[in-house]
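The sequence and structure are shown here for reference.

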Amino acid sequence: MIAVFVNCGAVIAGSVIGLFFARRITEEMSSHIQTAAGIVTVILGIQMAMQYHNIVYMTLSLIAGGIIGCLCDIDGKILKLGNFLQRLCFHGKEKTSSEDDGNSRNFAYAFLNASVLFCVGAMSIVGSFKAGVEKDYSIIFTKSILDGFMAISFAGAMGIGTAFSAIIVFLYQGALTLLSVVIQPYVSQVLIEELTAAGGAMIVMIGINLLNLKKIKTANFLPAFILEILFVILIK
């Protein structure tokens with residue numbers, strides 16, 4: 001689990017650095033940071049999405065997953081979680097109701113988008129398996145460096161909610177590491193590629209949000225991961 005703690009520490013440290021600089025720059029510079037973060041996120045997402053093994057799997061998974069997520073209102077539940085976390089950590093601060101609603105929404109979306117960014121992709125899956133089975137931490141350590149730098153730009157653009165994504169990183173990668181011996185026989189290269197591609201598509205959505213091109217409820221597409229797994233396992 002040491003690699004998981006290192007990864008979480010990198011996310012938190014990067015977020016703190018991003019918040020430190022964000023408070024000392026002008027609104028115009030902050031806009032530039034958000035734009036740069038959006039462009040980098042889109043590029044990263046496209047690079048990951050192009051690793052698909054079967055474009056039909058990804059297409060059906062995203063469409064059907066988006067419908068399921070919309071019906072379940074996953075995005076709304078994430079916002080409620082953001083409200084809860086913000087009240088839990090900052091209950092001593094007095095705000096007007098409009099300020100509180102806006103800050104809670106920003107907190108929740110920073111938390112959600114950073115969590116998706118840091119958890120999807122081959123490095124999370126393969127790195128956790130290698131750490132759990134082979135005690136090889138090199139992939140997760142490399143991922144930690146990348147996540148730390150991304151956390152700087154995300155925290156500068158979206159706020160402190162980025163730091164709290166370390167909770168999801170800990171739960172997700174910790175579970176994969178602990179269960180790696182049991183899960184590894186069922187994980188194929190095709191499955192990793194498909195999950196990476198679906199995650200890349202969601203990262204592109206995050207980039208679009210950062211660029212203010214369109215407000216996409218990224219959380220509603222999370223069921224696509226489950227559908228991708230079913231497609232790969234059931235359709236051979």
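## Basis of the description

Two residues are taken to be in contact when heavy atoms of theirs lie within 4.5 Å. By that criterion, and setting aside residues up to four places away in sequence, N209 touches Q34, K214, K215, I216 and T218. The model described here is predicted.

## The nonpolar core

The largest nonpolar core comprises 46 residues. Within this core, the residues with the most contacts are L62, F118, F154, M158 and L210. Helix α10, spanning residues 189-210, gives the most to the core, supplying 11 residues.

M158 belongs to helix α7 (residues 138-158). Its relative accessible area is 17%, and M158 is therefore buried, the limit being under 20%. Apart from residues up to four places away in sequence, M158 touches N106, Y109, A110, N113 and L210; L210 is, like M158, among the residues with the most contacts inside the core. The C-alpha atoms of M158 and F111 are separated by 9.0 Å, although the two residues are 47 residues apart along the chain.

## Helix α10 and its surroundings

Helix α10 has 22 residues, and the distance from its first C-alpha to its last is 31 Å. This is close to the 32 Å expected at 1.5 Å a residue. Of the 22 residues of α10, 18 are buried, so the helix is largely enclosed by the rest of the structure.

N209 is located in α10. With a relative accessibility of 9%, N209 counts as buried. The C-alpha atoms of N209 and V42 are 9.9 Å apart in space, while the residues are 167 residues apart in sequence.

## Packing of α10 against α11

How are α10 and α11 arranged relative to each other? Helix α11 covers residues 223-234, and α10 packs with α11 at an angle of about 155°, the two axes lying 10 Å apart. Angles over 145 degrees count as roughly antiparallel, and α10 and α11 are therefore roughly antiparallel to each other. Their crossing is right-handed.

On the α10 side, the residues that meet α11 are V190, L191, E194, L195, A198, G199 and M202. Their counterparts in α11 are A224, F225, E228, I229 and V232. As a general point, an α-helix has 3.6 residues a turn, so residues three or four places apart point the same way.

Leaving aside neighbours within four places in sequence, D147 is in contact with N7, V11 and F118. Of these partners, F118 is one of the residues with the most contacts inside the largest nonpolar core.

## Loop residues with positive phi

Most residues other than glycine have a negative phi. D73, which is not a glycine, has a positive phi of about 55°. D73 is found in the loop between α3 (55-72) and α4 (74-90), and at 38% relative accessibility D73 counts as partly exposed.

N212 is likewise not a glycine, and has a positive phi of about 60°. With a relative accessible area of 52%, N212 is exposed.

Note on methods
Residues are numbered from 1 along each chain as its sequence is written. This is a predicted model: local features need pLDDT of at least 70, side-chain atom pairs count only at pLDDT 80 or more; totals for chains, interfaces and linings use all residues. Side-chain values use heavy atoms; hydrogens and water are left out. A nonpolar core is a set of buried Ala, Val, Leu, Ile, Met, Phe, Trp, Tyr and Cys residues joined through side-chain atoms within 4.5 Å. Buried means under 20% relative accessible area, exposed over 50%, partly exposed in between (1.4 Å probe, protein chains only). Helices (H or I, at least four residues) and strands (E, at least two) are DSSP runs, numbered from the N terminus. The expected span of a helix is 1.5 Å times one less than its number of residues. Axes are lines fitted to C-alpha atoms, for helices over the stretch in contact, and angles run from 0 to 180 degrees between N-to-C directions. Angles under 35 degrees count as roughly parallel, over 145 as roughly antiparallel, 65 to 115 as roughly perpendicular and the rest as oblique. A crossing is left-handed if the near helix is turned anticlockwise from the far one by less than a right angle, and right-handed if clockwise.
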